[in-house]
Amino acid sequence: MPEVVPSFSNSVKLKYVKLGYQYLVNHILTFLLVPIMVGVTIEVLRLGPEELLRIWNSLHFDLLQILCSSFLIIFIATVYFMSKPRSIYLVDYSCYKAPVTCRVPFSTFMEHSRLILKDNPKSVEFQMRILERSGLGEETCLPPAIHYIPPTPTMEAARGEAEVVIFSAVDDLMKKTRLKPKDIDILIVNCSLFSPTPSLSAMVVNKYKLRSNIKSYNLSGMGCSAGLISIDLARDLLQVHPNSNALVVSTEIITPNYYKGSERAMLLPNCLFRMGGAAILLSSKRRDRYRAKYRLMHVVRTHKGADDKAFKCVFEQEDPQGKVGINLSKDLMVIAGEALKSNITTIGPLVLPASEQLLFLLTLISRKIFNPKLKPYIPDFKQAFEHFCIHAGGRAVIDELQKKLQLSAEHVEASRMTLHRFGNTSSSSLWYEMSYIEAKGRMKKGDRVWQIAFGSGFKCNSAVWKCNRTIKTSTDGPWQDCIDRYPVHIPEIVKL
């Protein structure tokens with residue numbers, strides 16, 4: 001019988017081959033420089049003391065040359081440090097936790113839907129099917145005005161929700177950081193669908209009696225990714241205004257945006273969006289690097305609004321009966337995938353190790369020159385980040401990103417559990433996910449976190465944070481009374 005040639009994949013652990021390749025490429029400079037330094041050291045040791053002394057005496061130093069060289073070195077060092085961007089620190093953050101009186105179990109939600117849409121049983125059945133597959137749990141919350149039958153989305157109720165959510169989060173943040181209102185230099189509030197006059201940022205200024213020279217901004221209409229847009233704006237402002245504090249508030253007010261019609265594409269947000277908000281304190285003060293939790297490394301923003309389909313895939317409009325709601329297009333996931341592809345193409349070179357960049361480059365060249373049908377190489381972002389905070393926009397969003405980025409169940413655990421416990425809280429969901437990782441005691445010094453958010457327009461935004469210190473398991477926060485129960489198993493379908 002002919003001798004069977006052993007399979008390479010069976011005889012060699014491919015995992016260790018890949019690890020060896022990554023270690024070699026990522027440390028190629030070390031492997032090249034160490035032999036050179038060893039060789040130089042050996043040659044120096046071979047020379048005797050008299051030979052070394054003779055070489056030293058043969059050198060002629062001119063005072064003018066020394067002064068010019070010193071000045072040049074100092075000048076280059078000064079230019080380098082002056083042009084280097086200031087470090088932006090995330091001192092701390094706080095997430096709003098709604099009271100138990102606002103909870104909406106599945107049975108309550110469906111009962112209200114049957115009463116509100118009693119003339120349209122098909123819409124009720126559609127909402128039930130969506131809720132069964134949504135990934136939400138029994139403890140998500142809606143504002144008091146939505147608990148009425150029929151809902152009472154008045155301006156007064158919407159302002160009441162905004163005050164409760166925003167002031168609760170800011171109060172808790174001030175308590176944790178011992179921040180005084182007079183210490184706030186920059187204020188940014190983002191809320192996509194509720195934009196009253198005076199603005200929400202003016203409401204915060206009035207409540208806390210902030211300084212008259214505060215730089216305040218109010219962002220609206222920018223969807224679930226507006227939280228990272230606010231972070232990007234705060235970063236730019238802190239670069240211009242050194243030694244300053246920036247307070248960022250991210251929320252979405254549900255009260256005025258509950259859809260009471262029967263269009264299926266516009267009923268989806270009713271099933272997914274829930275109460276939530278977060279307050280974040282950023283600083284450009286050097287002394288804050290010792291107490292800050294994170295340092296901001298990168299913010300990358302991608303906007304696909306030039307494409308008509310992308311622009312209209314999340315669209316506020318009236319239905320045929322004149323009722324206003326948010327229309328979610330069936331092309332949403334395809335457009336989100338394209339936006340993500342553009343975003344990771346930009347962020348990849350900033351964060352990926354050399355081994356992954358080299359593989360990506362070689363695959364790209366092979367596709368361009370040899371075979372266009374060659375499967376593109378998806379970089380292993382697990383080599384660049386320890387934690388992933390994917391916007392909890394819905395189960396389909398998390399599933400799609402897990403598949404495209406080849407992430408494990410543990411990597412998307414924070415996103416799935418946030419969706420289950422709090423629902424889609426829009427721009428603030430990323431901070432509930434960050435809080436989940438901290439509450440589990442998984443955040444260690446040096447860990448890198450990738451926040452990814454999607455929003456209307458259509459936008460895909462990313463922020464990269466580096467943990468400044470090992471964060472102890474917190475005894476407060478939105479997860480304090482339930483973290484021991486998580487993670488939980490979330491079935492594909494919850495029969496109602």
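Me: Hi! Is Arg133 buried, partly exposed or exposed?
Reply: Arg133 counts as partly exposed, at 39% relative accessibility. Bear in mind that this is a predicted model.

Me: Thanks. Which residue does Arg133 form a salt bridge with?
Reply: Its partner is Glu132, and the closest N and O atoms of the two are 3.5 Å apart.

Me: And Glu132, buried or exposed?
Reply: Glu132 is buried, because its relative accessible area is 6% and the cut-off for buried is under 20%.

Me: Where do Asp399 and Arg416 lie?
Reply: Asp399 is in helix α16 and Arg416 is in helix α17, which covers residues 413-422. The pair therefore ties together parts that are 17 residues apart in sequence. As for accessibility, Asp399 counts as partly exposed at 32%.

Me: How accessible are Glu400 and Lys404?
Reply: Glu400 has a relative accessible area of 25% and is partly exposed. Lys404 is partly exposed too, with 35%.

Me: How many salt bridges turn up in the whole structure?
Reply: A search of the whole structure finds 20 salt bridges.

Me: Which residues are linked in a network of them?
Reply: Asp92, Lys176, Lys293 and Glu438 are linked in a network of salt bridges.

Me: Switching to pockets: how much space lies in the largest one?
Reply: The largest pocket holds about 1000 Å³ of space. It is lined by 48 residues, and those closest to its centre are Leu272, Phe273, Val314, Leu328 and Leu332.

Me: Which element gives the most to that lining?
Reply: That would be α12, with six residues. Elements that each supply at least two lining residues include α12 (264-272), α14 (332-351) and α16 (395-405), along with the strands β7 (314-318), β8 (324-328) and β10 (448-455).

How values were computed: Residues are numbered from 1 along each chain as its sequence is written. This is a predicted model: local features need pLDDT of at least 70, side-chain atom pairs count only at pLDDT 80 or more; totals for chains, interfaces and linings use all residues. Side-chain values use heavy atoms; hydrogens and water are left out. On a 1 Å grid over the protein atoms alone, a cavity is a set of points where a 1.4 Å probe fits but cannot get out, and a pocket is an open set with protein on both sides within 12 Å along at least five of seven lines; lining residues have an atom within 4 Å of a point. Grid points are joined across faces, edges and corners, and a volume is the space filled by probe spheres set on the points. Helices (H or I, at least four residues) and strands (E, at least two) are DSSP runs, numbered from the N terminus. A salt bridge is a side-chain nitrogen of Lys or Arg within 4 Å of a carboxyl oxygen of Asp or Glu. Buried means under 20% relative accessible area, exposed over 50%, partly exposed in between (1.4 Å probe, protein chains only).
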